[in-house]
Amino acid sequence: MKRVLTYGTFDLLHYGHIRLLKRAKALGDYLIVALSTDAFNAGKGKTAYYNYDVRKEMLEAIRYVDLVIPEETWEQKINDIKQYHVDICVMGGDWAGSDRFEYLRDYCELVYLDRTEGVSTTKTKEDLHSEDLP
(Lines give C-alpha, C1' and ligand atoms only; values in the text may rest on other atoms or scores of the structure.)
Protein backbone atom coordinates (compact mmCIF):
# COMPACT_ATOMS: atom_id res chain seq x y z
CA MET A 1 0.00 0.00 0.00
CA LYS A 2 1.38 3.40 -0.99
CA ARG A 3 0.65 6.12 1.58
CA VAL A 4 0.43 9.80 0.68
CA LEU A 5 0.55 12.72 3.12
CA THR A 6 -0.32 16.36 2.62
CA TYR A 7 -0.57 19.37 4.92
CA GLY A 8 -2.84 22.39 5.02
CA THR A 9 -5.43 24.56 6.71
CA PHE A 10 -8.26 23.74 4.28
CA ASP A 11 -10.37 26.68 5.38
CA LEU A 12 -13.38 27.72 3.28
CA LEU A 13 -13.21 24.45 1.37
CA HIS A 14 -13.36 25.03 -2.40
CA TYR A 15 -12.90 23.12 -5.66
CA GLY A 16 -9.15 23.87 -5.65
CA HIS A 17 -8.86 21.92 -2.41
CA ILE A 18 -10.92 19.05 -3.82
CA ARG A 19 -8.76 18.89 -6.96
CA LEU A 20 -5.57 18.89 -4.89
CA LEU A 21 -6.87 16.07 -2.69
CA LYS A 22 -8.01 14.06 -5.72
CA ARG A 23 -4.60 14.39 -7.41
CA ALA A 24 -2.79 13.56 -4.16
CA LYS A 25 -4.90 10.43 -3.67
CA ALA A 26 -4.21 9.36 -7.26
CA LEU A 27 -0.51 9.09 -6.36
CA GLY A 28 -1.17 6.25 -3.92
CA ASP A 29 -3.68 4.11 -2.09
CA TYR A 30 -4.17 5.92 1.21
CA LEU A 31 -4.34 9.70 1.72
CA ILE A 32 -3.50 11.29 5.06
CA VAL A 33 -4.24 14.98 5.57
CA ALA A 34 -2.38 16.77 8.34
CA LEU A 35 -4.77 19.60 9.17
CA SER A 36 -3.39 22.74 10.79
CA THR A 37 -4.83 23.22 14.26
CA ASP A 38 -6.25 26.55 15.36
CA ALA A 39 -3.29 27.06 17.72
CA PHE A 40 -0.76 26.30 14.96
CA ASN A 41 -2.53 28.72 12.60
CA ALA A 42 -2.49 31.40 15.31
CA GLY A 43 1.25 30.93 15.62
CA LYS A 44 1.54 31.55 11.87
CA GLY A 45 -0.59 34.69 12.18
CA LYS A 46 -3.55 33.02 10.44
CA THR A 47 -7.14 32.69 11.56
CA ALA A 48 -9.40 30.15 9.90
CA TYR A 49 -13.08 30.93 9.40
CA TYR A 50 -14.01 27.42 10.59
CA ASN A 51 -12.48 25.89 13.70
CA TYR A 52 -10.36 22.75 13.56
CA ASP A 53 -13.18 20.33 14.41
CA VAL A 54 -15.41 21.64 11.61
CA ARG A 55 -12.58 21.64 9.05
CA LYS A 56 -11.70 18.07 10.12
CA GLU A 57 -15.31 16.95 9.73
CA MET A 58 -15.47 18.44 6.22
CA LEU A 59 -12.23 16.75 5.16
CA GLU A 60 -13.35 13.40 6.56
CA ALA A 61 -16.46 13.61 4.37
CA ILE A 62 -14.37 13.78 1.18
CA ARG A 63 -14.00 10.39 -0.46
CA TYR A 64 -10.33 10.91 -1.34
CA VAL A 65 -9.32 11.43 2.31
CA ASP A 66 -8.64 8.34 4.40
CA LEU A 67 -7.30 9.89 7.60
CA VAL A 68 -7.08 13.39 9.11
CA ILE A 69 -4.42 14.10 11.73
CA PRO A 70 -3.57 17.36 13.51
CA GLU A 71 -0.70 19.52 12.31
CA GLU A 72 0.54 21.24 15.46
CA THR A 73 4.11 22.25 14.58
CA TRP A 74 6.37 22.75 11.58
CA GLU A 75 8.76 20.21 13.08
CA GLN A 76 6.40 17.22 13.26
CA LYS A 77 6.70 16.20 9.61
CA ILE A 78 9.51 13.64 9.97
CA ASN A 79 7.66 12.00 12.85
CA ASP A 80 4.44 11.92 10.79
CA ILE A 81 6.26 10.28 7.88
CA LYS A 82 7.73 7.61 10.15
CA GLN A 83 4.63 7.03 12.29
CA TYR A 84 2.25 6.67 9.33
CA HIS A 85 4.73 4.90 7.01
CA VAL A 86 4.40 7.61 4.37
CA ASP A 87 5.80 7.00 0.89
CA ILE A 88 4.96 10.37 -0.70
CA CYS A 89 4.53 13.83 0.77
CA VAL A 90 2.50 16.21 -1.40
CA MET A 91 2.58 20.00 -1.18
CA GLY A 92 1.19 22.83 -3.25
CA GLY A 93 3.42 23.98 -6.10
CA ASP A 94 3.89 27.38 -4.50
CA TRP A 95 6.12 25.64 -1.91
CA ALA A 96 8.45 24.10 -4.53
CA GLY A 97 12.08 24.42 -3.51
CA SER A 98 11.22 25.74 -0.03
CA ASP A 99 13.44 24.77 2.89
CA ARG A 100 10.19 24.10 4.78
CA PHE A 101 9.80 20.85 2.82
CA GLU A 102 12.87 19.96 0.73
CA TYR A 103 14.54 18.15 3.66
CA LEU A 104 11.69 15.61 3.55
CA ARG A 105 13.28 14.06 0.44
CA ASP A 106 15.58 12.20 2.85
CA TYR A 107 12.53 10.36 4.25
CA CYS A 108 10.08 9.94 1.37
CA GLU A 109 9.29 11.06 -2.16
CA LEU A 110 8.30 14.73 -2.30
CA VAL A 111 5.80 15.89 -4.92
CA TYR A 112 4.63 19.43 -5.57
CA LEU A 113 1.23 19.81 -7.22
CA ASP A 114 0.22 23.06 -8.87
CA ARG A 115 -2.73 24.76 -7.30
CA THR A 116 -5.91 25.33 -9.27
CA GLU A 117 -5.51 28.62 -11.10
CA GLY A 118 -7.85 31.41 -10.10
CA VAL A 119 -9.05 29.98 -6.80
CA SER A 120 -7.69 30.24 -3.26
CA THR A 121 -9.07 30.80 0.20
CA THR A 122 -7.40 34.21 0.26
CA LYS A 123 -9.07 35.15 -3.04
CA THR A 124 -12.44 33.89 -1.82
CA LYS A 125 -12.16 36.02 1.33
CA GLU A 126 -11.17 39.05 -0.76
CA ASP A 127 -14.06 38.46 -3.17
CA LEU A 128 -16.54 38.20 -0.31
CA HIS A 129 -15.40 41.61 0.96
CA SER A 130 -15.47 43.18 -2.50
CA GLU A 131 -18.18 45.58 -3.57
CA ASP A 132 -17.98 44.08 -7.07
CA LEU A 133 -19.93 40.92 -6.19
CA PRO A 134 -22.80 40.11 -8.54
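Q: Which residue in β4 does Thr6 stand opposite?

A: Val90 is the one opposite Thr6. A quick note first: this is a predicted model, where local features need pLDDT of at least 70 and side-chain atom pairs count only at pLDDT 80 or more, while totals for chains, interfaces and linings use all residues. Residues are numbered from 1 along each chain as its sequence is written, and side-chain values use heavy atoms, with hydrogens and water left out.

Q: What makes β1 and β4 a pair?

A: Strands (E runs in DSSP, at least two residues, numbered from the N terminus) pair if DSSP finds at least two bridges between them. Three bridges join β1 (residues 3-8) to β4, so the two count as paired, and they run parallel.

Q: How do you know that β4 pairs with β5?

A: Five bridges join them, again in parallel. Gly92, for instance, has Leu113 in β5 as its bridge partner.

Q: What does Val33 touch?

A: With contact meaning heavy atoms within 4.5 Å, the partners of Val33 include Thr6, Phe10, Leu21 and Leu59, leaving aside residues up to four places away in sequence.

Terms used: Helices (H or I, at least four residues) and strands (E, at least two) are DSSP runs, numbered from the N terminus.
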